[in-house]
Amino acid sequence: MHECLEGKSSALEHLQAHYRQPLLAMLQKSQASPHEAEEIVADLWADCVAPRDGRRPKLAHYNGACSLKTFLTGILLNDFLGRRRKTRRRRELLPAAFRPDGAEVKAEDADAADASNWRVEIPLLTLMRDAIEAAFRACPAEDFVLLQLAHLGGLRAVELAPMFGCTNRAIGQRLKLAGEAINETTRQQLKATDPWLDLQWEDFLEMCRTASPACFGVD
């Protein structure tokens with residue numbers, strides 16, 4: 001990372017050789033065209049090592065709290081989400097490009113006039129938060145308490161079983177099913193918001209463990 005930021009070409013070549021194909025494959029699974037995927041990944045390498053608009057290079061935010069793969073995935077998906085939503089907004093502009101009297105409306109004027117009707121662009125961090133909150137709201141109250149006691153409180157099955165009036169085996173199964181329900185509801189929420197987004201559950205979990213603006217290369 002430090003060698004890349006110092007401009008060492010061999011370090012950047014190593015970074016690209018190690019991560020380029022997995023990142024391209026992830027974008028294409030998310031319905032990016034081969035050309036679009038190549039363009040986004042090329043922009044990623046530039047953003048990682050070169051300052052833009054007075055901001056630090058993206059790679060300067062990496063602090064080792066998550067794997068480098070997860071860090072790069074977060075930056076890449078943030079960019080991809082922004083591009084897709086910008087395209088969506090542009091398409092929504094087209095029907096409103098002319099006033100009822102036939103006069104042309106400039107894109108920037110239409111953008112300002114109808115901003116309240118358009119969907120606000122959501123960073124990946126917010127998208128993840130909203131998906132998790134939806135999953136927690138859908139979780140039955142007792143299961144939610146059980147998950148908190150087990151994962152936040154660190155209680156074992158032998159301690160939880162008497163509290164919930166069941167056997168150790170039954171409480172273990174209940175924990176498993178509750179966790180799977182959170183998993184499935186979160187994934188459904190992500191798909192409902194952006195159906196083309198292909199984010200692997202393992203990457204999502206690691207991002208959640210270290211979630212912060214810095215984890216996504218943001219000041």
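The protein chain contains 10 helices and 0 strands, helices (H or I, at least four residues) and strands (E, at least two) being DSSP runs numbered from the N terminus. The model is predicted: local features need pLDDT of at least 70, side-chain atom pairs count only at pLDDT 80 or more, and totals for chains, interfaces and linings use all residues. Residues are numbered from 1 along each chain as its sequence is written, and side-chain values use heavy atoms, with hydrogens and water left out.

Of the 219 residues of the protein chain, 35% count as buried (under 20% relative accessible area, 1.4 Å probe, protein chains only). Among contacts (heavy atoms within 4.5 Å) between residues at least 6 apart in sequence, 66% join residues at least 24 apart.

Helix α7 (residues 141-151) and helix α8 (residues 157-164) cross at roughly 155 degrees, and their axes come within 11 Å; axes are lines fitted to C-alpha atoms over the stretch in contact, with angles from 0 to 180 degrees between N-to-C directions. The angle makes α7 roughly antiparallel to α8 (over 145 degrees). The contact involves E142, V145, L146, L149 and A150 of α7 with L160, M163 and F164 of α8. By class, this contact has 7 nonpolar, no polar and 1 charged residues (Ala, Val, Leu, Ile, Met, Phe, Trp, Tyr, Cys and Pro count as nonpolar, Asp, Glu, Lys and Arg as charged, and the others, Gly among them, as polar).

Helix α6 (residues 124-138) packs against helix α10 (residues 201-209) at about 100 degrees, with the axes 11 Å apart. That makes α6 roughly perpendicular to α10 (65 to 115 degrees). Here L124, M128 and I132 of α6 meet F204, M207 and C208 of α10, a contact with 6 nonpolar, no polar and no charged residues.

Key:
Parallel < 35°, antiparallel > 145°, perpendicular 65-115°, else oblique. Buried < 20%, exposed > 50% of the residue type's maximum accessible area, 1.4 Å probe, protein only.
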